[in-house]
Amino acid sequence: MKDTFNREINYLRVSVTDRCDLRCIYCMKEKMEFLPKSQILSVEEINRICSVFINLGIKKIRITGGEPLVRKGVPILLNYLGKKINNSNLEELTLTTNGTQLYKYAEMIKKNGIKRINVSLDSLDSKKYMKITRGGNLEQVLDGINIAKKIGLKIKINTVALKNINEDEFEDMVLWCKKMSFDLTFIEIMPMGMENETRIEQYYPLTKVRLQLEKKWQLEYIKYNSGGPARYSIIKGTKQKIGFITPLTNNFCDTCNRVRLTCTGRIYSCLGQNKYIDLRQALKKDKNNKALKKLILESILIKPEGHNFEITNYNKYTPNLKRTMNVTGG
Ligand code: SAM
Ligand code: SF4
(Lines give C-alpha, C1' and ligand atoms only; values in the text may rest on other atoms or scores of the structure.)
(Ligands and ions follow the chains in the order given, each with its own letter.)
Protein backbone atom coordinates (compact mmCIF):
# COMPACT_ATOMS: atom_id res chain seq x y z
CA MET A 1 0.00 0.00 0.00
CA LYS A 2 1.36 3.42 -0.93
CA ASP A 3 0.13 6.70 0.55
CA THR A 4 -0.17 9.96 -1.37
CA PHE A 5 3.40 10.92 -0.38
CA ASN A 6 4.71 7.74 -1.99
CA ARG A 7 5.51 6.11 1.35
CA GLU A 8 5.13 2.33 1.43
CA ILE A 9 2.87 1.39 4.35
CA ASN A 10 3.74 -2.08 5.61
CA TYR A 11 3.69 -1.78 9.40
CA LEU A 12 0.61 -1.98 11.64
CA ARG A 13 0.57 -1.21 15.35
CA VAL A 14 -2.37 -2.63 17.23
CA SER A 15 -3.44 -1.30 20.60
CA VAL A 16 -5.32 -4.25 22.11
CA THR A 17 -6.45 -2.43 25.24
CA ASP A 18 -6.38 1.08 26.69
CA ARG A 19 -6.00 -0.40 30.17
CA CYS A 20 -2.75 -0.67 32.07
CA ASP A 21 -1.45 -1.77 35.44
CA LEU A 22 0.86 1.28 35.62
CA ARG A 23 0.16 5.01 35.38
CA CYS A 24 3.33 6.49 33.91
CA ILE A 25 3.41 10.21 34.61
CA TYR A 26 3.93 11.13 30.94
CA CYS A 27 1.32 8.74 29.56
CA MET A 28 -1.71 8.66 31.82
CA LYS A 29 -3.50 10.60 34.49
CA GLU A 30 -3.38 9.20 37.99
CA LYS A 31 -7.12 8.60 37.94
CA MET A 32 -7.92 7.22 34.53
CA GLU A 33 -11.32 6.52 33.09
CA PHE A 34 -10.95 3.60 30.74
CA LEU A 35 -13.24 2.74 27.85
CA PRO A 36 -16.30 0.60 28.61
CA LYS A 37 -15.59 -3.04 27.79
CA SER A 38 -18.57 -3.04 25.39
CA GLN A 39 -16.62 -0.73 23.07
CA ILE A 40 -13.54 -2.92 22.89
CA LEU A 41 -13.09 -5.21 19.89
CA SER A 42 -12.96 -8.93 20.56
CA VAL A 43 -9.71 -10.72 19.78
CA GLU A 44 -11.50 -12.41 16.86
CA GLU A 45 -12.42 -9.00 15.47
CA ILE A 46 -8.86 -7.74 15.90
CA ASN A 47 -7.56 -10.85 14.18
CA ARG A 48 -10.00 -10.37 11.32
CA ILE A 49 -8.93 -6.75 10.77
CA CYS A 50 -5.24 -7.75 10.97
CA SER A 51 -5.87 -10.43 8.32
CA VAL A 52 -7.33 -7.85 5.94
CA PHE A 53 -4.36 -5.55 6.58
CA ILE A 54 -1.95 -8.45 5.96
CA ASN A 55 -3.67 -9.33 2.69
CA LEU A 56 -3.23 -5.71 1.66
CA GLY A 57 0.54 -5.85 2.25
CA ILE A 58 1.25 -5.38 5.96
CA LYS A 59 4.51 -7.19 6.74
CA LYS A 60 5.01 -6.32 10.38
CA ILE A 61 2.58 -6.09 13.29
CA ARG A 62 3.37 -4.75 16.73
CA ILE A 63 0.98 -5.50 19.58
CA THR A 64 0.81 -2.68 22.09
CA GLY A 65 -1.64 -0.80 24.31
CA GLY A 66 -2.21 0.23 27.13
CA GLU A 67 -0.43 -2.75 28.51
CA PRO A 68 -1.09 -5.62 26.07
CA LEU A 69 -0.23 -8.32 28.61
CA VAL A 70 -3.04 -7.28 30.97
CA ARG A 71 -5.65 -8.26 28.36
CA LYS A 72 -6.76 -11.83 28.98
CA GLY A 73 -7.30 -12.70 25.30
CA VAL A 74 -3.83 -11.68 24.18
CA PRO A 75 -2.36 -15.22 24.19
CA ILE A 76 -5.18 -16.27 21.84
CA LEU A 77 -4.57 -13.28 19.58
CA LEU A 78 -0.82 -13.96 19.46
CA ASN A 79 -1.60 -17.55 18.60
CA TYR A 80 -3.85 -16.48 15.69
CA LEU A 81 -1.31 -13.97 14.40
CA GLY A 82 1.76 -16.11 15.09
CA LYS A 83 0.41 -18.73 12.68
CA LYS A 84 0.38 -16.16 9.88
CA ILE A 85 4.13 -15.39 10.13
CA ASN A 86 5.69 -16.49 6.84
CA ASN A 87 2.39 -18.10 5.81
CA SER A 88 1.15 -14.78 4.47
CA ASN A 89 2.62 -11.33 3.84
CA LEU A 90 3.32 -11.15 7.58
CA GLU A 91 7.05 -11.41 8.25
CA GLU A 92 7.25 -10.26 11.84
CA LEU A 93 5.10 -10.07 14.95
CA THR A 94 6.41 -8.04 17.88
CA LEU A 95 5.18 -6.62 21.15
CA THR A 96 5.77 -3.55 23.31
CA THR A 97 5.30 -4.07 27.01
CA ASN A 98 6.01 -2.43 30.34
CA GLY A 99 7.43 -5.78 31.44
CA THR A 100 5.37 -6.25 34.61
CA GLN A 101 3.81 -9.51 33.34
CA LEU A 102 6.81 -10.85 31.46
CA TYR A 103 7.73 -13.26 34.22
CA LYS A 104 4.42 -15.04 33.46
CA TYR A 105 4.17 -14.61 29.72
CA ALA A 106 7.68 -14.67 28.23
CA GLU A 107 7.34 -18.35 27.26
CA MET A 108 3.91 -17.82 25.69
CA ILE A 109 5.26 -14.87 23.70
CA LYS A 110 8.15 -16.90 22.33
CA LYS A 111 5.96 -19.91 21.58
CA ASN A 112 3.81 -17.77 19.31
CA GLY A 113 6.65 -16.80 17.01
CA ILE A 114 7.69 -13.49 18.54
CA LYS A 115 11.46 -13.13 18.42
CA ARG A 116 11.98 -9.61 19.74
CA ILE A 117 10.15 -7.40 22.16
CA ASN A 118 10.42 -3.80 23.35
CA VAL A 119 10.34 -3.23 27.09
CA SER A 120 9.73 0.26 28.44
CA LEU A 121 11.98 1.13 31.33
CA ASP A 122 12.72 4.69 32.36
CA SER A 123 14.78 4.11 35.50
CA LEU A 124 16.93 1.46 37.16
CA ASP A 125 16.32 2.96 40.58
CA SER A 126 13.41 1.26 42.38
CA LYS A 127 12.14 4.40 44.07
CA LYS A 128 12.34 6.50 40.96
CA TYR A 129 10.73 3.74 38.90
CA MET A 130 7.87 3.61 41.36
CA LYS A 131 7.48 7.38 41.13
CA ILE A 132 7.55 7.51 37.32
CA THR A 133 5.10 4.62 36.95
CA ARG A 134 3.04 5.64 40.00
CA GLY A 135 3.45 2.36 41.82
CA GLY A 136 5.40 -0.03 39.57
CA ASN A 137 7.72 -2.64 41.04
CA LEU A 138 11.13 -2.54 39.36
CA GLU A 139 12.23 -5.92 40.72
CA GLN A 140 9.23 -7.63 39.12
CA VAL A 141 10.04 -6.04 35.77
CA LEU A 142 13.73 -6.98 36.00
CA ASP A 143 12.77 -10.57 36.87
CA GLY A 144 10.57 -10.70 33.78
CA ILE A 145 13.31 -9.21 31.62
CA ASN A 146 15.81 -11.81 32.89
CA ILE A 147 13.41 -14.65 32.15
CA ALA A 148 12.71 -13.32 28.66
CA LYS A 149 16.44 -12.97 27.98
CA LYS A 150 17.16 -16.45 29.28
CA ILE A 151 14.69 -18.09 26.92
CA GLY A 152 16.18 -16.21 23.97
CA LEU A 153 13.82 -13.32 23.31
CA LYS A 154 15.72 -10.36 21.88
CA ILE A 155 15.02 -7.27 23.98
CA LYS A 156 15.15 -3.60 23.19
CA ILE A 157 14.73 -1.16 26.04
CA ASN A 158 12.73 2.03 25.48
CA THR A 159 13.51 4.94 27.77
CA VAL A 160 11.61 8.22 27.71
CA ALA A 161 13.95 11.11 28.57
CA LEU A 162 12.40 13.05 31.44
CA LYS A 163 13.73 16.38 32.63
CA ASN A 164 14.76 16.43 36.30
CA ILE A 165 13.60 12.83 36.67
CA ASN A 166 15.90 10.41 34.86
CA GLU A 167 18.35 12.81 33.24
CA ASP A 168 21.07 11.60 35.62
CA GLU A 169 20.56 7.96 34.56
CA PHE A 170 21.17 7.88 30.82
CA GLU A 171 24.76 6.68 31.15
CA ASP A 172 23.76 3.99 33.65
CA MET A 173 21.03 2.85 31.31
CA VAL A 174 23.57 2.51 28.48
CA LEU A 175 25.99 0.61 30.71
CA TRP A 176 23.25 -1.76 31.89
CA CYS A 177 22.05 -2.40 28.33
CA LYS A 178 25.64 -3.02 27.27
CA LYS A 179 26.05 -5.54 30.06
CA MET A 180 22.76 -7.25 29.18
CA SER A 181 23.33 -7.07 25.38
CA PHE A 182 20.12 -5.09 24.83
CA ASP A 183 19.65 -2.38 22.25
CA LEU A 184 18.45 0.85 23.80
CA THR A 185 16.23 3.57 22.41
CA PHE A 186 15.69 6.95 23.97
CA ILE A 187 12.35 8.63 23.26
CA GLU A 188 11.42 12.30 23.34
CA ILE A 189 8.23 12.98 25.21
CA MET A 190 5.26 13.68 22.95
CA PRO A 191 2.58 16.19 23.95
CA MET A 192 -0.46 13.95 24.14
CA GLY A 193 -3.40 14.15 26.53
CA MET A 194 -3.19 15.07 30.22
CA GLU A 195 -4.77 18.51 30.40
CA ASN A 196 -3.59 19.18 33.93
CA GLU A 197 0.09 18.61 33.65
CA THR A 198 2.84 20.70 32.21
CA ARG A 199 4.47 18.45 29.68
CA ILE A 200 7.01 21.17 29.02
CA GLU A 201 8.36 20.50 32.51
CA GLN A 202 8.99 16.86 31.61
CA TYR A 203 10.42 17.49 28.14
CA TYR A 204 14.12 16.75 27.74
CA PRO A 205 15.42 17.04 24.16
CA LEU A 206 17.40 14.06 22.93
CA THR A 207 20.00 16.41 21.45
CA LYS A 208 21.01 16.95 25.10
CA VAL A 209 20.96 13.21 25.85
CA ARG A 210 23.33 12.64 22.94
CA LEU A 211 25.67 15.39 24.11
CA GLN A 212 25.67 13.87 27.58
CA LEU A 213 26.58 10.43 26.21
CA GLU A 214 29.20 11.86 23.88
CA LYS A 215 31.15 13.10 26.89
CA LYS A 216 31.82 9.47 27.69
CA TRP A 217 31.60 7.60 24.39
CA GLN A 218 32.13 8.22 20.72
CA LEU A 219 28.79 7.71 18.95
CA GLU A 220 28.73 6.93 15.26
CA TYR A 221 25.57 7.11 13.14
CA ILE A 222 24.74 3.79 11.48
CA LYS A 223 22.29 2.83 8.75
CA TYR A 224 20.55 0.18 10.87
CA ASN A 225 16.76 0.38 10.79
CA SER A 226 14.65 -1.66 13.19
CA GLY A 227 11.50 -0.86 11.20
CA GLY A 228 10.47 1.97 13.54
CA PRO A 229 11.18 5.70 13.72
CA ALA A 230 14.47 5.48 15.68
CA ARG A 231 17.69 6.72 14.14
CA TYR A 232 20.56 4.59 15.40
CA SER A 233 24.13 5.16 16.46
CA ILE A 234 26.68 2.73 17.75
CA ILE A 235 29.21 3.22 20.52
CA LYS A 236 32.50 3.14 18.63
CA GLY A 237 34.43 -0.05 19.21
CA THR A 238 31.43 -1.92 20.67
CA LYS A 239 28.23 -3.57 19.41
CA GLN A 240 26.04 -1.31 21.54
CA LYS A 241 23.30 0.29 19.47
CA ILE A 242 21.53 3.38 20.75
CA GLY A 243 18.40 4.63 19.03
CA PHE A 244 16.97 8.13 19.25
CA ILE A 245 13.27 8.75 18.61
CA THR A 246 13.02 12.49 18.13
CA PRO A 247 9.56 13.58 17.05
CA LEU A 248 10.27 17.10 18.27
CA THR A 249 13.93 17.90 17.64
CA ASN A 250 14.09 15.97 14.37
CA ASN A 251 10.81 15.04 12.76
CA PHE A 252 10.93 11.60 11.14
CA CYS A 253 7.62 11.65 9.23
CA ASP A 254 9.20 11.47 5.76
CA THR A 255 10.04 7.81 6.33
CA CYS A 256 6.88 6.83 8.21
CA ASN A 257 5.69 3.38 7.16
CA ARG A 258 2.95 2.66 9.68
CA VAL A 259 -0.68 2.98 10.68
CA ARG A 260 -2.36 2.25 13.99
CA LEU A 261 -5.46 0.33 14.97
CA THR A 262 -7.09 1.14 18.32
CA CYS A 263 -8.84 -1.37 20.54
CA THR A 264 -12.18 0.18 19.50
CA GLY A 265 -11.59 -0.34 15.78
CA ARG A 266 -10.36 3.06 14.67
CA ILE A 267 -7.47 3.44 12.28
CA TYR A 268 -5.21 6.40 12.95
CA SER A 269 -2.85 6.78 10.06
CA CYS A 270 -0.80 9.28 12.09
CA LEU A 271 -0.15 9.14 15.84
CA GLY A 272 0.07 12.91 15.96
CA GLN A 273 -3.16 13.82 14.17
CA ASN A 274 -6.83 13.53 15.04
CA LYS A 275 -8.18 12.11 11.78
CA TYR A 276 -9.33 8.51 11.91
CA ILE A 277 -11.41 5.93 10.06
CA ASP A 278 -13.82 3.83 12.09
CA LEU A 279 -14.13 0.17 11.14
CA ARG A 280 -16.80 -0.83 13.64
CA GLN A 281 -19.87 -0.64 11.46
CA ALA A 282 -18.18 -2.39 8.57
CA LEU A 283 -16.96 -5.03 10.96
CA LYS A 284 -20.50 -5.85 12.05
CA LYS A 285 -22.18 -5.73 8.63
CA ASP A 286 -19.50 -6.73 6.18
CA LYS A 287 -19.44 -10.50 5.76
CA ASN A 288 -16.79 -10.76 3.04
CA ASN A 289 -14.41 -8.01 4.25
CA LYS A 290 -15.04 -5.88 1.15
CA ALA A 291 -16.05 -2.79 3.13
CA LEU A 292 -13.19 -3.30 5.60
CA LYS A 293 -10.73 -3.42 2.75
CA LYS A 294 -12.16 -0.24 1.24
CA LEU A 295 -11.93 1.64 4.56
CA ILE A 296 -8.38 0.47 5.21
CA LEU A 297 -7.29 1.69 1.78
CA GLU A 298 -9.07 4.98 2.45
CA SER A 299 -7.15 5.35 5.74
CA ILE A 300 -3.88 5.04 3.83
CA LEU A 301 -4.97 7.73 1.39
CA ILE A 302 -5.76 10.22 4.18
CA LYS A 303 -2.41 9.63 5.91
CA PRO A 304 -1.07 13.15 6.46
CA GLU A 305 2.44 14.26 5.54
CA GLY A 306 3.42 14.67 9.19
CA HIS A 307 2.43 15.24 12.80
CA ASN A 308 1.80 18.54 14.55
CA PHE A 309 3.65 17.92 17.80
CA GLU A 310 5.35 21.03 19.01
CA ILE A 311 6.52 21.29 22.56
CA THR A 312 7.49 24.96 22.36
CA ASN A 313 3.87 25.95 21.79
CA TYR A 314 2.71 23.55 24.40
CA ASN A 315 0.15 25.12 26.65
CA LYS A 316 -0.61 23.26 29.81
CA TYR A 317 -4.36 23.47 29.38
CA THR A 318 -4.54 22.69 25.68
CA PRO A 319 -2.40 19.73 24.78
CA ASN A 320 -1.71 19.18 21.07
CA LEU A 321 -3.77 16.02 21.21
CA LYS A 322 -6.49 15.13 23.68
CA ARG A 323 -5.88 11.40 23.20
CA THR A 324 -3.40 9.82 25.56
CA MET A 325 -0.76 7.45 24.18
CA ASN A 326 -2.42 4.32 25.59
CA VAL A 327 -5.46 4.83 23.33
CA THR A 328 -3.61 4.80 20.02
CA GLY A 329 -0.73 2.63 21.17
CA GLY A 330 2.85 3.88 21.37
N1 SAM B 1 2.40 -0.34 28.09
C2 SAM B 1 3.37 -0.64 27.13
C3 SAM B 1 4.69 0.04 27.43
O4 SAM B 1 4.73 0.92 28.29
O5 SAM B 1 5.67 -0.32 26.78
C6 SAM B 1 2.94 -0.35 25.70
C7 SAM B 1 2.19 0.91 25.46
S8 SAM B 1 3.10 2.41 25.79
C9 SAM B 1 1.88 3.62 25.38
C10 SAM B 1 4.24 2.40 24.45
C11 SAM B 1 5.40 3.37 24.56
O12 SAM B 1 4.90 4.69 24.51
C13 SAM B 1 6.23 3.24 25.83
O14 SAM B 1 7.59 3.06 25.48
C15 SAM B 1 6.03 4.57 26.51
O16 SAM B 1 7.18 4.95 27.21
C17 SAM B 1 5.72 5.49 25.35
N18 SAM B 1 4.96 6.68 25.71
C19 SAM B 1 3.81 6.79 26.39
N20 SAM B 1 3.41 8.08 26.48
C21 SAM B 1 4.35 8.80 25.83
C22 SAM B 1 4.52 10.19 25.56
N23 SAM B 1 3.64 11.09 25.95
N24 SAM B 1 5.61 10.57 24.86
C25 SAM B 1 6.53 9.65 24.42
N26 SAM B 1 6.42 8.33 24.64
C27 SAM B 1 5.35 7.90 25.34
FE1 SF4 C 1 0.98 1.94 30.89
FE2 SF4 C 1 2.78 1.89 28.95
FE3 SF4 C 1 1.35 4.11 29.42
FE4 SF4 C 1 3.17 3.37 31.18
S5 SF4 C 1 3.55 3.97 29.06
S6 SF4 C 1 1.05 3.99 31.64
S7 SF4 C 1 3.08 1.21 31.04
S8 SF4 C 1 0.57 2.19 28.70
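In the predicted model, N89 touches I54, N55, G57, I58 and K59, residues up to four places away in sequence not being counted; contact here denotes heavy atoms within 4.5 Å. N89 is located in the loop between α2 and β3, where helices (H or I, at least four residues) and strands (E, at least two) are DSSP runs numbered from the N terminus. The C-alpha atoms of N89 and N55 are 6.7 Å apart in space, although 34 residues separate the two in sequence. A polar atom of the N89 side chain lies 2.7 Å from the backbone oxygen of I54. With a relative accessibility of 37%, N89 counts as partly exposed (buried, under 20% relative accessible area; exposed, over 50%; partly exposed, in between; 1.4 Å probe, protein chains only).

Residues are numbered from 1 along each chain as its sequence is written, and chains are lettered from A and ligands numbered from 1 in the order in which they are written. Because the model is predicted, local features need pLDDT of at least 70 and side-chain atom pairs count only at pLDDT 80 or more, whereas totals for chains, interfaces and linings use all residues, and side-chain values use heavy atoms, with hydrogens and water left out.

N158, in strand β5, is buried, its relative accessible area being 9%. Its side chain forms a polar contact of 2.8 Å with the side chain of K156; such a contact is a pair of N or O atoms within 3.5 Å, and within protein one must be able to donate a hydrogen and the other to accept it, residues adjacent in sequence counting only if both atoms are side-chain atoms. Neighbours within four places in sequence aside, N158 is in contact with T96, N118, V119, S120, L121, D122, T185 and I187.

Ligand 1 is surrounded by 19 residues, of which Y26, G66, E67, S120 and M190 are the closest; a residue is assigned to a shell if one of its heavy atoms lies within 4 Å of the molecule. An oxygen atom of ligand 1 is 2.5 Å from a polar side-chain atom of S120, and an oxygen atom of the ligand is 3.0 Å from an N or O atom in the side chain of Y26. A polar backbone atom of M190 is 2.7 Å from a nitrogen atom of ligand 1. The protein buries 95% of the 540 Å² that ligand 1 exposes when taken alone (Shrake-Rupley method, 1.4 Å probe). The elements giving two or more residues to this shell are β3 and β5 (154-160). By class, the shell comprises 7 nonpolar, 9 polar and 3 charged residues.

Around ligand 2 are C20, L22, R23, C24, C27, M28, G66 and N98. This shell has 5 nonpolar, 2 polar and 1 charged residues.

In helix α2 (residues 74-82), the buried residues are V74, L77, L78, L81 and G82. Viewed down the axis of α2, these fall within an arc of 130°, so they line one face of the helix; the arc is that of the directions from the helix axis to the C-beta atoms. Their cover includes α1 (43-55), β2 (60-64), β3 (92-97) and α3 (102-111).

Helix α8 (residues 206-214) has L206, V209, R210 and L213 as its buried residues. Among the elements covering them are α6 (170-180), β6 (183-187), β7 (219-221), β8 (231-235) and β9 (241-245).

Methods. Ala, Val, Leu, Ile, Met, Phe, Trp, Tyr, Cys and Pro count as nonpolar, Asp, Glu, Lys and Arg as charged, and the others, Gly among them, as polar.
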